[in-house]
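Subject: Structure for you to look at

Hello,

Here is the structure I said I would pass on. My notes on what was found in it follow below.

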Amino acid sequence: MNTHPLFIDNVAFAKRDDQISGTLTLGDCKRLAEVLQSAEIRYELQGENNLGRFTLRLDIDAELQATCQRCLNPMPLNLHREFNYLINDAPLSEYELSDLEANDDVDLIEPSPAMDLIVLIEDELLMALPIAPTHDEDCSANIKEGVAQSGEKPNPFAVLKGLIKP
């Protein structure tokens, strides 16, 4: 579990070319705990001062345990993601704005004296998770006992069929 606060002044962090890394679990990430069974999330945040433009680079390696939506059994998800952020602390030129709009590799974030890194990591992982995770292979043989598949509902009128006299 996280043992240090993860609130940073993102502009000062980037100005100093600072770096922070660590590991998070579901105990640290309340919103991820609602959709996952377990998680070990390793992160590294690097700040950079690029000629007065402040940027952050976030690398996330996550070993997650989701629930397969087909068989309802545990399903591992391993994600590696890299994110680049430009801190919007000064007006952008037209050229910079058009470059940002054309480039999906960089996201704008607002300057913050207390940016919550856990919230940022959770946001990025929640967006990266599949909407309905399922095993790659056919897992219908692994369906838990008592779970009805779509189309396999018992006919409520089947009992009445025995009452009909031939």
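Leu72 sits in the loop that connects β4 (53-67) with β5 (74-87); helices (H or I, at least four residues) and strands (E, at least two) are DSSP runs, numbered from the N terminus. Leu72 has a positive phi of about 65° and is not a glycine. Most residues other than glycine have a negative phi. Leu72 counts as partly exposed because its relative accessibility is 32%, where buried means under 20% relative accessible area, exposed over 50%, and partly exposed in between (1.4 Å probe, protein chains only).

Asp17, also not a glycine, has a positive phi of about 55°. Asp17 belongs to the loop between α1 (10-15) and β2 (19-25). With a relative accessible area of 43%, Asp17 is partly exposed.

Before going on, a note on the source. This is a predicted model, in which local features need pLDDT of at least 70 and side-chain atom pairs count only at pLDDT 80 or more, while totals for chains, interfaces and linings use all residues. Residues are numbered from 1 along each chain as its sequence is written, and side-chain values use heavy atoms, with hydrogens and water left out.

On the overall fold: the protein has 5 helices and 7 strands, in the sequence pattern β-α-β-α-β-β-β-α-β-β-α-α. Of its 166 residues, 34% count as buried. Taking contacts (heavy atoms within 4.5 Å) between residues at least 6 apart in sequence, 60% join residues at least 24 apart.

Five strands form an open sheet with mixed pairing, in the order β2-β3-β4-β5-β6; two strands pair if DSSP finds at least two bridges between them. At its edges are β2 and β6 (106-109), each pairing on one side only. Strands β4 and β5 run antiparallel and are joined by 13 bridges. Asp61 stands opposite His80 in β5. Helix α4 (residues 117-128) lies across β2, β3 (38-50), β4 and β5, at about 60° to β4; axes are lines fitted to C-alpha atoms, for helices over the stretch in contact, and angles run from 0 to 180 degrees between N-to-C directions.

Lastly, Leu160 lies in helix α5 (residues 158-161) and is partly exposed, with a relative accessible area of 45%.

Regards
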